[in-house]
Amino acid sequence: MAASSWQVALLAFAVCVLPALQSASAARAFFIFGDSLVDNGNNNYLMTSARADSWPYGIDTPDHRATGRFSNGKNVVDLISEQIGSVPVLPYLSPELDGENLLVGANFASAGIGILNDTGIQFANIIRISKQLTYFEQYKHRLAKLYGPERAARVVGGALTLITLGGNDFVNNYYLVPYSARSREFSLPDYIKYILSEAYNPQMEAMLNQLNAEVGSGN
């Protein structure tokens, strides 16, 4: 039972939207949305305590310095980039994300976010999933302005997209402190049901359907 609960809890909604990883070698771009599991530095550009800009983060990198990844070195985004033969994508907030770097894709993830709007409230300034999708729209406009709408559509349509969120709704919103507001409001089974209902609410479903329609449409 613990294993199945954890799988649902990690509704860490690791969803690879089309195309599948096996066929991603032809993808020219990689888009990432989510939390600290895939954030590679966006939060370093924000006034927030949810940052990975100091020791011990990055201790196993060649220069042993923190990179903004919530990891001792690489994270799953880096490993996927290597598998598809792509250079690592940059955080969307990085000033280096311009010109040809836009053709590789962008990482919109932000540590601390969850499915629920109150998840990560203690971190104050983080990029919630709705804002990440707003940034994705901005990215597409920037890409089209530089390379034209037809090429921009091909880049987005042939991309691989990774979405991972949901873990913080449990770690930071349910378990972080004894007798948290959510744990008093819900038993764990009821909380899982509530998270699922929020994850698949009409607004979220519409956003994911739109993302699916745009990303991978070239395959």
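## Ground rules

Residues are numbered from 1 along each chain as its sequence is written, and side-chain values use heavy atoms, with hydrogens and water left out. Because the model is predicted, local features need pLDDT of at least 70 and side-chain atom pairs count only at pLDDT 80 or more, while totals for chains, interfaces and linings use all residues.

## The chain as a whole

Let's start with the overall picture. The chain has 8 helices and 4 strands, taken as DSSP runs (H or I of at least four residues for helices, E of at least two for strands) and numbered from the N terminus. Along the sequence they follow the order α-β-β-α-β-α-α-β-α-α-α-α.

The chain has 219 residues, and 47% of them count as buried; here buried means under 20% relative accessible area, exposed over 50%, and partly exposed in between (1.4 Å probe, protein chains only). Among contacts with a separation of 6 or more, 70% come from residues 24 or more positions apart, a contact being heavy atoms within 4.5 Å.

## Helix 3, side by side

Helix 3 covers residues 129–147, and its 19 residues should span 27 Å at 1.5 Å a residue (the expected span is 1.5 Å times one less than the number of residues). Its end C-alpha atoms are 27 Å apart, which agrees.

Which residues of helix 3 are buried? They are Ile129, Gln132, Leu133, Tyr135, Phe136, Tyr139, Lys140 and Leu143. These residues cover an arc of only 155° around the axis, so they sit on the same side of helix 3; the arc is that of the directions from the helix axis to the C-beta atoms. His141 and Lys145 are exposed on the other side. After helix 3 comes Gly148, with a positive phi near 90°.

## Backbone spots to check

Most residues other than glycine have a negative phi, and most peptide bonds are trans. The loop between strand 2 (30–34) and helix 2 (76–83) holds Pro56, and the peptide bond from Trp55 to Pro56 is cis, with omega near 10°. His64 is also placed in the loop between strand 2 and helix 2. Its phi is positive, about 60°, although His64 is not a glycine, and its relative accessibility of 54% makes it exposed.

Tyr179 lies in the loop between helix 5 (167–171) and helix 6 (181–185). Phi of Tyr179 is positive too, near 55°, and Tyr179 is exposed with a relative accessible area of 67%.
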